[in-house]
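Here are a few friendly notes to read alongside the model.

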Amino acid sequence: MKNNVGREISDEILNSTNHKPFETTEIGHPTVHYTGHNVRVTKGDDKLVDSLDQVIKDNLKDGMTISFHHHFRNGDYVFNMVMDKIIKMGYKDLTLAPSSLTGVMNDKVIEAIKAGTITNITSSGMRGSLGEAVSHGLLKNPVIFRSHGNRARSIENGNIKIDVAFLGVPNSDRMGNANGMNGESALGSLGYALVDAQYANKVVLLTDTIVDYPNTPASIKQTQVDYVVKVDKVGDPDRIGSGATRFTKDPKELKIAKMVNDVIVNSPYFKNNFSFQTGTGGASLAVTRFLRQSMLDNDIKASFTCGGTTSPIVKLLEEGLVKKVMDVQDFDKGAASSMKSNPGQTEIDGSWYADPDNKGAMVDQLDIAILSALEIDTDFNVNVLTGSNGVIRGAVGGHQDAGTAKMTIISAPLTRGRIATVVPAVNSITTPGSSIDVLVTEVGVAVNPARKDLIEAFKKAPSIPLVSIEELQKRAEGIVGKPKPIEYTDRTVALVEYRDGTLIDEVKQIKD
Amino acid sequence: MDIKKTALAGTLESSDIQITLSKGDNGVNIDLDSSVEELYGDQIRKVITDTLAAYGIKNANVKAVDKGALDCVVKARTMAAAQRALETTDQPDWEVF
C-alpha cells in the first residue's frame, strides 16, 4: 500500500515487522505505556572490575540486544574494543541498537555481520563502507532507522529492549557515578546514553579514569549501573569533531547562510526569547555568525538553543546572546570541553530533547530549526539518509524531531557537483514535506505553499528572492541533466521509521 | 581523422573530467571511471562519442576519469584532448564548437 507521503510500503513488511504506514506528523494525545526493566539488586561494592571478558560472559547470551552511544563520534575506542571481544567469544544473533554508528565502527560491524554475531540493527544512521555493504544486501534482516527522539521513545515503550548497554564514559567512580564533561576524553553531553542507562537490564560503564567516590555531577547514577570496567583509553577527544568549527570561506555557503539569516530575521519568530537549533556543516556554522550580528543589531536575545552543540553556539551563550544551551550532544572538542565551565550549557537526555511520546520535549518548544538535506523534492520531502545512487550514507539524527519546529528551514546548495539537491522525488523520505517550511538555496528561497503567512512576510523583504520549488528543481535539472533511474532488487534492506514509529519509507537493495 | 599522438586534457579536481586519447584500431573504446557512473555514465559516454565523431575520429582508446563534470565540461575536455591528439591545436575546428 502507499503511505501518506506516496511511498509504497509492502504489506509483507508491515505484517512481518509489525509496523503501521506513516499518516501524519501530528502526534496527538495518546496514552502510552513505558516498559520496565530488570534490576539485579546490590550494595555495589563489587562493581569495579578489570575483566571485560568476564562481564560479557556473565551477562550476554545469544539473541540479546546490546547498545552503545556515539558521543565520541569518530574518536570512539569503546565500540570496537567490546565488539571485537563479542565476535571472538562466538556470540550469535545479537541485535545491535546503538544511538548511531560512526565511521570508525564500520569495519567491526561488517565483521560482526559476516560472523553471524549481529543479525539485526537499529540505528540513527550509517555511512561509508557499512552503508555500501548493507545497501548491497549484507544483512539479512532490514535495518530499522530511527530518529534520536524515536529511539528514546522505542526504548521507553519496549520496541527496543536493551539487555546490555556498554557505555564509554570519560570518568566514573567505583559505583558508577559518571559524567561526560570531565576527564581527558571529555565528550560533553552524554544525552543519548542516558536513556540506555535508565532502561537497559544491565549497564556496563567503561572508563579510563576512575575518580574518588562520590563523583558529581552524576549524569549516569550509581543506582543505574551494574559494572564499571577500567580500560586503557575510551576515546580520542580530538576526533569528536573534524575541526568543522572553522568559518567557511566558500562563497556559495556564505551566500546561503546570509539568506538563511535574512529568512530568520524577517520571520515573525525573530523576537526576544526566541529559540533555535542549527546543525553542523559550513553553512550552518556561518548562519550562527550572521545571526549573532543580527541579534546584536536588533538587541534580541534567544531563550535557548537545543540539539547538537557546536563551539559558535557556546560562544553565543558566553556572550549572553543565548540564555540556555540545551545540549544533547557535542559536535566538536570546544563544545565538549566547555560544558564543565558553563552552567548554562545544560545536558539533556534523548527523551527530553526530542521524544514524541512524553509529556513535552524541547523540540516541541522550538521556534526555528535550520537543517540540511541530501535531497529535497517538490513536495518538500527531505532525504538525509540515502545518496542519489540509492546507497545508505547518512543519518536520520534529529531531523524529523527538530522538523516539528514552528519554522523549519532547509539550507542546501541547488546542486553538489553533478548531483541535484532539489529533485522531482527524493530517493528515500526521511522527513515529510509537511514539516518543512522554507528551502534556502544559493539561487533562491522557496516557501512551502501551506505557509501563506511566511510567504506574505518574506514578500516585504527585498533581500529574499522568492521562487517556487518547482522552478528550483527545473533549474537544477537544467544544470546537471536527467539522471538514469537506479535499479533495485525487490529486497528491502532498511526501514525508515517516522518519529512516531510508523513507516515513512523502505530502502531497497541495489542491483549489482 | 587519425590520432597522431596520445593526448590528455582536464584534471582530477572535483567537477572536472580528465580525458586521455590514444590510438585505437577497433572503434571508439571508452574506459570510464566516474563518481556518478550509475546516474550519468551513459550520458558521459554519449557526449564523448558524439564529440569525437564531430572531429571524424572513428578509432580511439579513451580513458576518462570523471569527478562529476557537467556535460559542457565533458565536451570541452574531449575537444581539447582531440585537437591535441590530432595535432591541430593551432586550427580550432569551429564546426565542433
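1. Helices (H or I, at least four residues) and strands (E, at least two) are DSSP runs, numbered from the N terminus. On that basis chain A holds 15 helices and 25 strands.

2. Please keep in mind that this is a predicted model, where local features need pLDDT of at least 70, side-chain atom pairs count only at pLDDT 80 or more, and totals for chains, interfaces and linings use all residues. Residues are numbered from 1 along each chain as its sequence is written, chains are lettered from A in the order in which they are written, and side-chain values use heavy atoms, without hydrogens or water.

3. The C-alpha trace of chain A spans about 70 × 55 × 45 Å along its principal axes. Of its 512 residues, 60% count as buried (under 20% relative accessible area, 1.4 Å probe, protein chains only).

4. Now to the partner chain: twelve residues of chain B are in contact with twelve of chain A (heavy atoms within 4.5 Å). About 1100 Å² is buried between the two chains, with carbon and sulfur atoms giving 57%; this is the accessible area (1.4 Å probe) lost on putting the two parts together, summed over both.

5. The rule finds two salt bridges across this interface (a side-chain nitrogen of Lys or Arg within 4 Å of a carboxyl oxygen of Asp or Glu). Arg418(A) and Asp71(B) meet in a salt bridge through their side chains, at 2.7 Å, N to O. On the side of chain B that touches chain A, helix α1 (residues 37-54) gives the most, with six residues.

Technical notes. Buried means under 20% relative accessible area, exposed over 50%, partly exposed in between (1.4 Å probe, protein chains only).
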